[in-house]
Amino acid sequence: MTTVSTVADGRVRVEARELLRRRRLAVLFRILLVIPQYVVLFTWTLLVVPAVAIAWLALLLEGRLPSFLHRFLSAFLCYQGQVNAWFDLLSARYPDPLRTGEHPFRIEPPDRLRQPRLVTLFRLLLGLPALVLASVFNVVLSLASIAAWFVALVLGRTTAGLQELGTFCLRYQLETQAYVTLLTSTYPRLAPPEVTPAPE
């Protein structure tokens with residue numbers, strides 16, 4: 001039975017639709033190959049910072065993100081997630097900032113929902129515990145990616161366990177980023193979002 005996910009609950013969905021096979025040459029030169037992606041991310045981040053400031057004011061006034069800001073911040077979230085997924089060997093597909101929707105490491109940002117103004121006002125303060133936990137998961141993800149790097153060089157593939165652990169850590173980080181960058185007022189959770197069965 002086919003399943004679809006809904007984002008009406010304000011959560012970020014992450015789904016890896018790839019095989020575990022990894023090309024050894026791409027694994028070996030991962031650090032060099034990711035440099036252009038980090039240049040794009042750095043440039044994009046320079047635009048995200050003022051965009052979040054504008055989004056904060058817009059949410060305080062209107063209680064909802066303007067659609068153009070939601071699209072912009074969502075695109076950044078998806079691209080950053082796919083760059084991290086590729087670098088951490090969760091994905092074999094090289095990221096493309098213009099085709100994030102076609103990437104097999106699928107990231108679904110939350111819908112543009114109304115957000116409580118009081119939560120918006122204190123968003124950074126409220127997000128501190130999640131940011132601390134996300135930084136812990138970043139360490140776990142880094143360790144898992146180092147293990148995956150050695151495994152992929154030897155076997156030409158990663159393992160299902162490393163893939164699942166890495167995806168879990170990355171999803172929590174993306175949920176935290178979505179919360180802090182005002183894409184959603186739903187607080188990050190350890191439990192993955194539920195998947196809603198498609199109507200028959």
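Leu 174 is a buried residue, its relative accessible area being 2%, where buried means under 20% relative accessible area, exposed means over 50% and partly exposed lies in between, computed with a 1.4 Å probe on protein chains only. The structure is a predicted model, in which local features need pLDDT of at least 70 and side-chain atom pairs count only at pLDDT 80 or more, while totals for chains, interfaces and linings use all residues. Residues are numbered from 1 along each chain as its sequence is written, and side-chain values use heavy atoms, with hydrogens and water left out.

Leu 174 belongs to helix α7; helices (H or I, at least four residues) and strands (E, at least two) are DSSP runs, numbered from the N terminus. Apart from residues up to four places away in sequence, Leu 174 touches Val 12, Val 14, Leu 77, Gly 81 and Ile 107, contact being defined as heavy atoms within 4.5 Å. Leu 118 stands 56 residues from Leu 174 along the chain, and 22 Å separates the C-alpha atoms of the two.

Two packed helices are described by the angle between their axes and the distance between the axes. For α4 and α7, the axes come within 11 Å and cross at roughly 155°. The helix α4 is therefore roughly antiparallel to α7. Axes here are lines fitted to C-alpha atoms, for helices over the stretch in contact, with angles running from 0 to 180 degrees between N-to-C directions; angles under 35 degrees count as roughly parallel, over 145 as roughly antiparallel, 65 to 115 as roughly perpendicular and the rest as oblique. The crossing of α4 and α7 is right-handed, a crossing being left-handed if the near helix is turned anticlockwise from the far one by less than a right angle, and right-handed if clockwise.

On the α4 side, this contact is made by Phe 76, Leu 77, Gln 80, Gly 81, Asn 84 and Ala 85, and on the α7 side by Leu 170, Leu 174, Gln 177 and Ala 178. By class, the residues of the contact of α4 with α7 are six nonpolar, four polar and no charged; Ala, Val, Leu, Ile, Met, Phe, Trp, Tyr, Cys and Pro count as nonpolar, Asp, Glu, Lys and Arg as charged, and the others, Gly among them, as polar.

The crossing of α6 with α7 is left-handed, and the contact has 21 nonpolar, five polar and one charged residues.

The helix α4 has 21 residues and spans 30 Å from its first C-alpha to its last, close to the 30 Å expected, a figure given by 1.5 Å times one less than the number of residues. After α4 comes Leu 89, with a positive phi near 65°. Leu 89 lies in the loop between α4 (67–87) and β3 (105–108) and is buried, at 3% relative accessible area. The loop between α4 and β3 also holds Thr 100, which is buried at 19%. Leaving aside neighbours within four places in sequence, Thr 100 is in contact with Cys 78, Tyr 79 and Gln 82.

Most residues other than glycine have a negative phi. Leu 182, however, has a positive phi near 75°. Leu 182 sits in the loop between α7 (160–180) and β4 (196–197) and, at 2% relative accessibility, is buried.
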